[in-house]
Amino acid sequence: MTSFDTTPQLNVWRALLALAVVFVMLATTGWTALRNQRGDTPLQASLSAWEDGRIAGHRLPDPQSEPTKLARFFASLTERDRAGLVHKYPLAVGNMNGAPVELRYRANRIALAEAREVERERMHDQRLTPAGQHEAGRRLHRFEDLMEKGRHILAFDPDGSGRVAEVFGDLDTADRVSVVVPGVDTDLLTFQRTHRKYSAPVGMAESLYAAEREASPSTRTAVIAWADYTAPSGLGIDSATAMRAEEGAVRLNALVRALPGGAPVSLFCHSYGSVVCGVAAHSLPGRVSDIAVAGSPGMRVERAAQLHTSAQVWAMRDADDWIQDVPYLEVGGLGHGADPVSAGFGARVLSAQGAKGHAGYFEPGTASLMNFAEIGVGAYRSVHCAHEDGVCRTGLSGTAAA
């Protein structure tokens, strides 16, 4: 039992949440006003330059056009013209849904090199505090890490705490695509970790990619470590509301709609990432076959059916995960709704044996990772349910070769 199981305590919690709504409104208004006072970011500047640009005397297409239209535009160009656009507008092309993925990788490598030089100058800028110079050094090293040979950076934005996405495998030829959607405190500097490797997006995606190949060697898979949204920082107001999730859901939807080919897509949403996936669910294209959440604080609905998605909805939570002590309710915009592993929610509940806490779901050797991998390759009848009755597999058949 949690400390919120009794009615008097629940009433107190509801009252506190209601009072906090005023603070949320004030904080959000102040944050928006501050954002609006800022000048153009590097990405915005690159997009503005693109909008004013021309090729062979013709205006360039709207960078916000449908991915299919942008794909046709790039396909119509010569290799020389494409290379010219990459070098002239690297951030714009590197983040353009509809641009060929290989072109985005090349563009983001150039953008990373430019961002690295900015940080190199900041490291020696005497106008910055020692802490600011140290931060610049950390960012420079992160950019160098992302530029290492063989890395495929699908999205990159150096502004603020930064956004980034990386691909493992070949998106163009994949039979199935998996997207890892992380939670709070995810940014450029926490995108990968040496210590507690599998609690960071890169480690999560690498681990899932390896597990999928082991689960079905004949299935060509690709996995995206997707930190291309502004995640909440810490367990504060941002993490208790859907504001960041709503912004992230728009970006997640845009990513999925721009993926090449027609391979089924599975979303693996951890912690606050499950809020993003819940908000996005109703607008995602039909190629999204699975939405699997782990350590979820809720998906902004009371039942899985209210997600209005054709995707299978899966949920898991380790017995030692502290998230279970968060109150599963939503009042005045605070809180994220019902517990996805509860019987009344209606998700297919999976075993998370071995995960050990909130950040261990992608650890090699765990039932949680094994289940994610089986879902990722479509081998649904191989998943291990949280309950021995096997009800989480009811009505499903495996589609991947063993």
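Mentor: Let us begin with a term: two strands pair if DSSP finds at least two bridges between them. Please keep in mind that this is a predicted model.

Trainee: In which sense do strands E3 and E4 pair, and over how many bridges?

Mentor: Strand E3 covers residues 152–157, and strand E4 covers residues 163–169. The two pair in the antiparallel sense over five bridges. Within this pairing, Phe 156 stands opposite Val 164 in E4.

Trainee: What do E3 and E4 form, and how many residues lie between them?

Mentor: They form a hairpin, with five residues between the strands. In the turn, Gly 160 has a positive phi of about 60 degrees.

Trainee: How many of the six residues of E3 are buried?

Mentor: Five of the six are buried, and E3 is therefore mostly covered; buried here means under 20% relative accessible area.

Trainee: How does one find empty space in a model?

Mentor: Rolling a probe the size of a water molecule over the atoms shows where empty space is left. In this model, the count comes to one cavity of 30 Å³ or more. About 50 Å³ of space lies in the largest cavity.

Trainee: Which residues line the largest cavity?

Mentor: Among them are Asn 97, Val 101, Arg 104, Leu 154 and Leu 255. Helix H6 (101–123) and helix H10 (243–258) are the elements that give two or more residues to this lining. By type, the lining divides into seven nonpolar, two polar and one charged.

Trainee: What is the volume of the second largest pocket?

Mentor: Its volume is about 500 Å³. Of the 23 residues that line this pocket, the closest to its centre are Pro 63, Gln 64, Asn 95, Asn 97 and Ala 254. H10 gives the most to the lining, with five residues. E3 also supplies at least two residues of the lining.

Trainee: How many disulfides are there, and which cysteine is joined to Cys 269?

Mentor: There are two disulfides. One joins Cys 269 to Cys 277, with an S to S distance of 2.1 Å, and both of these cysteines are buried. In the other, the sulfur atoms of Cys 385 and Cys 392 are 1.9 Å apart.

Trainee: Why is the disulfide of Cys 385 and Cys 392 called left-handed?

Mentor: The torsion about its S-S bond is about -85 degrees, so the disulfide is left-handed. Cys 392 is buried, with a relative accessible area of 2%, and Cys 385 counts as buried at 12%.

Definitions and conventions:
Residues are numbered from 1 along each chain as its sequence is written. This is a predicted model: local features need pLDDT of at least 70, side-chain atom pairs count only at pLDDT 80 or more; totals for chains, interfaces and linings use all residues. Side-chain values use heavy atoms; hydrogens and water are left out. Buried means under 20% relative accessible area, exposed over 50%, partly exposed in between (1.4 Å probe, protein chains only). Helices (H or I, at least four residues) and strands (E, at least two) are DSSP runs, numbered from the N terminus. On a 1 Å grid over the protein atoms alone, a cavity is a set of points where a 1.4 Å probe fits but cannot get out, and a pocket is an open set with protein on both sides within 12 Å along at least five of seven lines; lining residues have an atom within 4 Å of a point. Grid points are joined across faces, edges and corners, and a volume is the space filled by probe spheres set on the points. Ala, Val, Leu, Ile, Met, Phe, Trp, Tyr, Cys and Pro count as nonpolar, Asp, Glu, Lys and Arg as charged, and the others, Gly among them, as polar. A disulfide is a pair of cysteine sulfur atoms within 2.5 Å.
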